Amino acid sequence: MKRVFGAKKDKEPPPSVGDASDRINKRGDTVDEKIKKLDVELNRYKEQIKKTRPGPAQEAVKSRAMRVLKQKRMYEGQRDMLYNQTFNLDQVAFASEGIKDAQQTMTALKSANKELKGMMKTVKIQDIDNLQDEMMDLMDVSNEIQETLGRSYSVPDDIDEEELMGGKLGIMSELDALEADMGMETESDGVPSYLQPDQESDLHGELNLPSAPIGHAAAPAGRSNGQAEDELGLPAVPRATLRG
């Protein structure tokens with residue numbers, strides 16, 4: 001049957017947007033090359049027109065230049081059309097790439113959502129609460145063990161509050177007495193007694209010593225009271241008088 005009807009040919013895959021854009025860009029490059037060649041030829045005709053005199057020769061050059069100019073305009077129109085097609089293909093390619101990125105994002109999100117749901121099934125809030133309670137109990141037991149190991153063997157454990165406040169040990173009584181002594185020492189202007197100046201003891205009263213004389217000394221019995229005395233109780237020296 002294949003020999004009679006022939007084998008069915010496989011269809012070629014349709015061109016992609018990138019392939020179509022590349023093919024159009026190649027066509028545009030070819031058109032640009034043609035336009036450059038026509039520009040060179042047109043410039044040559046312009047120089048010939050300037051050098052020739054008006055007449056049949058100049059008209060022939062002008063007709064050639066017009067033909068080249070028409071071809072140039074045609075190629076420029078084709079180039080603009082190709083550029084527009086390339087621009088449209090670029091927009092389509094950009095939109096297509098955006099859709100592909102969105103599809104990949106959705107696929108990744110679905111996979112992550114499914115994986116997260118599977119992980120959440122293995123983790124329960126009640127299990128976490130129970131684990132926290134067990135950890136707190138273990139920490140309490142650890143603290144009790146540390147306190148037991150750090151207990152001093154020389155300190156009795158059967159001390160109640162009454163003994164601590166002033167019973168057998170009398171610790172608080174001793175502290176109260178010490179605070180009272182320190183308070184009495186700081187009553188005088190806030191200065192302790194050991195920093196205050198020493199006060200003179202009443203030695204005169206204890207030893208019954210006579211008090212020091214005050215004022216002028218008494219004159220002797222044989223001395224007349226009319227003689228002048230100085231401030232120390234001695235006879236005053238008479239001053240010499242100046243003669244005129």
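Read from one end of the sequence to the other, the chain follows the pattern α-α-α-α-α-α-α, with seven helices and zero strands; helices (H or I, at least four residues) and strands (E, at least two) are DSSP runs, numbered from the N terminus. The model is a predicted one, in which local features need pLDDT of at least 70 and side-chain atom pairs count only at pLDDT 80 or more, while totals for chains, interfaces and linings use all residues. Residues are numbered from 1 along each chain as its sequence is written, and side-chain values use heavy atoms, with hydrogens and water left out.

**Whole chain.** With everything displayed, colour by accessibility: of the 244 residues of the chain, 10% count as buried, where buried means under 20% relative accessible area, exposed over 50% and partly exposed in between (1.4 Å probe, protein chains only). Among contacts (heavy atoms within 4.5 Å) between residues at least 6 apart in sequence, 45% join residues at least 24 apart.

**H2 and H3.** Next select residues 17-51, helix H2, together with residues 56-122, helix H3, which pack at an angle of about 160 degrees with their axes 8 Å apart. That angle makes H2 roughly antiparallel to H3, given that angles under 35 degrees count as roughly parallel, over 145 as roughly antiparallel, 65 to 115 as roughly perpendicular and the rest as oblique. The axes are lines fitted to C-alpha atoms, for helices over the stretch in contact, and angles run from 0 to 180 degrees between N-to-C directions. The residues of the contact of H2 with H3 divide into 19 nonpolar, nine polar and 12 charged; here Ala, Val, Leu, Ile, Met, Phe, Trp, Tyr, Cys and Pro count as nonpolar, Asp, Glu, Lys and Arg as charged, and the others, Gly among them, as polar.

**The core.** Now select Val31, Tyr45, Ala65, Val68 and Tyr75, the residues with the most contacts inside the largest nonpolar core, which has 14 residues; such a core is a set of buried Ala, Val, Leu, Ile, Met, Phe, Trp, Tyr and Cys residues joined through side-chain atoms within 4.5 Å. H2 and H3 each supply at least two residues of this core, and H2 gives the most to it, with eight residues.

Lys72 lies in helix H3 and is buried, with a relative accessible area of 16%; not counting residues up to four places away in sequence, Lys72 touches Ile35, Leu38 and Asp39. Lys70, also placed in helix H3, is exposed, with a relative accessible area of 59%, and its C-alpha atom is separated by 9.9 Å from that of Leu38, 32 residues apart along the chain. Finish at Ala93, found in helix H3 and partly exposed at 26% relative accessibility; the C-alpha atoms of Ala93 and Val17, 76 residues apart along the chain, are separated by 6.2 Å.
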